[in-house]
Amino acid sequence: MATRIDKEACREAYNLVRDDSSDICWASFKYDGSTIVPAGHGSEYEEFKSQCTDDNRLFGFVRILTGDAMSKRAKFTLITWIGENISGLQRAKISTDKTLVKDIVQNFAKEFMISDPRELEEEYLRNELKKAGGANYDAQAE
């Protein structure tokens, strides 16, 4: 059966993260049978990380504050989490299903496909986003 996505519900979760007046910094999207649906959202990144278990596969849209001495700004990332215990068929399917998520989640600075919990560390993601972000005035101070 072909995978579908609940566009309205997923777009609503995406917009909560994009909203500058909101404390919401992440939204996750999971599989409910053959449909991708919102799995939750929150203001603490650790809450998102707790969903990324060895038996789970999901997508996450995350806001991370980056910047340097000259400016601070929000950067957004799309994370595809594939737990270690996910079957080969499900691993392959998540790559094609990501296009459905990208129809909703369109604005992000960098995309990550992660299976290693160490790569979920917020500081690691922040550094990767900094590298992708252009000018870094902090580098001059180092």
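**From surface to salt bridges**

Author: The protein chain exposes about 7800 Å², and carbon and sulfur atoms supply 46% of that area. Please keep in mind throughout that this is a predicted model.

Reader: What is the pattern of helices and strands along the sequence, and what makes the protein chain as compact as a globular protein of its length?

Author: The protein chain has five helices and six strands, and along the sequence they follow the pattern β-α-β-β-α-β-β-α-β-α-α. The radius of gyration is 15 Å, close to the 14 Å that the globule rule gives for 142 residues, so the protein chain is as compact as a globular protein of that length. Along its principal axes, the C-alpha trace spans about 55 × 30 × 25 Å. Buried residues make up 41% of the 142 residues, and of the contacts with a separation of 6 or more, 59% are between residues 24 or more positions apart.

Reader: How do you know what span to expect for helix α1, and how many residues does α1 have?

Author: Helix α1 covers residues 7-18, which is 12 residues, and from its first C-alpha to its last it reaches 16 Å, close to the 16 Å expected at 1.5 Å a residue.

Reader: Which residues of α1 are buried, and why are they said to be on the same side?

Author: Cys10, Ala13, Tyr14 and Val17 are the buried residues of α1. They cover an arc of only 100° around the axis, and this puts them on the same side of α1. Glu8 and Glu12, on the other side of α1, are exposed. The cover over the buried residues of α1 includes β1 (4-5), β2 (26-32), β3 (35-42), β4 (57-67), β5 (72-82) and α3 (88-104).

Reader: Why is Ala9 called partly exposed?

Author: Ala9 is found in helix α1, and its relative accessibility is 25%. Buried requires a value under 20% and exposed a value over 50%, so Ala9 counts as partly exposed. Ala9 and Phe29 are 20 residues apart in sequence, and their C-alpha atoms are 9.9 Å apart in space.

Reader: What makes the pairing of Glu111 and Lys98 a salt bridge?

Author: The N to O distance between their side chains is 2.7 Å, and the cut-off is 4 Å, so the pair qualifies as a salt bridge. Glu111 lies in strand β6 (residues 110-114) and Lys98 in helix α3, so the pair ties together parts that are 13 residues apart in sequence. Lys98 is buried, with a relative accessible area of 11%, whereas Glu111, at 28% relative accessibility, counts as partly exposed.

Reader: Why is Arg118 called exposed, and which residue does its side chain meet in a salt bridge?

Author: Arg118 has a relative accessible area of 64%, and the cut-off for exposed is over 50%, so Arg118 is exposed. Its side chain meets that of Asp116 in a salt bridge of 2.7 Å, N to O. Asp116, at 24% relative accessibility, counts as partly exposed.

Reader: How do you know that Glu123 and Arg126 are separated by about one helical turn?

Author: Glu123 and Arg126 are three residues apart in helix α4 (residues 122-132), which separates them by about one helical turn. Their side chains meet in a salt bridge at 3.1 Å, N to O, and Glu123 counts as partly exposed at 45% relative accessibility.

Reader: How many salt bridges are found in the whole structure, and which residues are linked in a network?

Author: A search of the whole structure finds 11 salt bridges, and Glu46, Lys49 and Glu121 are linked in a network of them.

Definitions and conventions: Residues numbered from 1 in each chain as written. Predicted model: local features only at pLDDT ≥ 70, side-chain atom pairs only at ≥ 80, totals over all residues. Heavy atoms only, no water. Helix = DSSP H or I, 4+ residues; strand = E, 2+ residues; numbered from the N terminus. Expected span 1.5 Å × (residues − 1). Buried < 20%, exposed > 50% of the residue type's maximum accessible area, 1.4 Å probe, protein only. Arc of directions from axis to C-beta. Contact = heavy atoms within 4.5 Å. Rg over C-alpha atoms; globule rule 2.2 N^0.38 Å. Areas by Shrake-Rupley, 256 points an atom, 1.4 Å probe, with all protein chains shown as cover.
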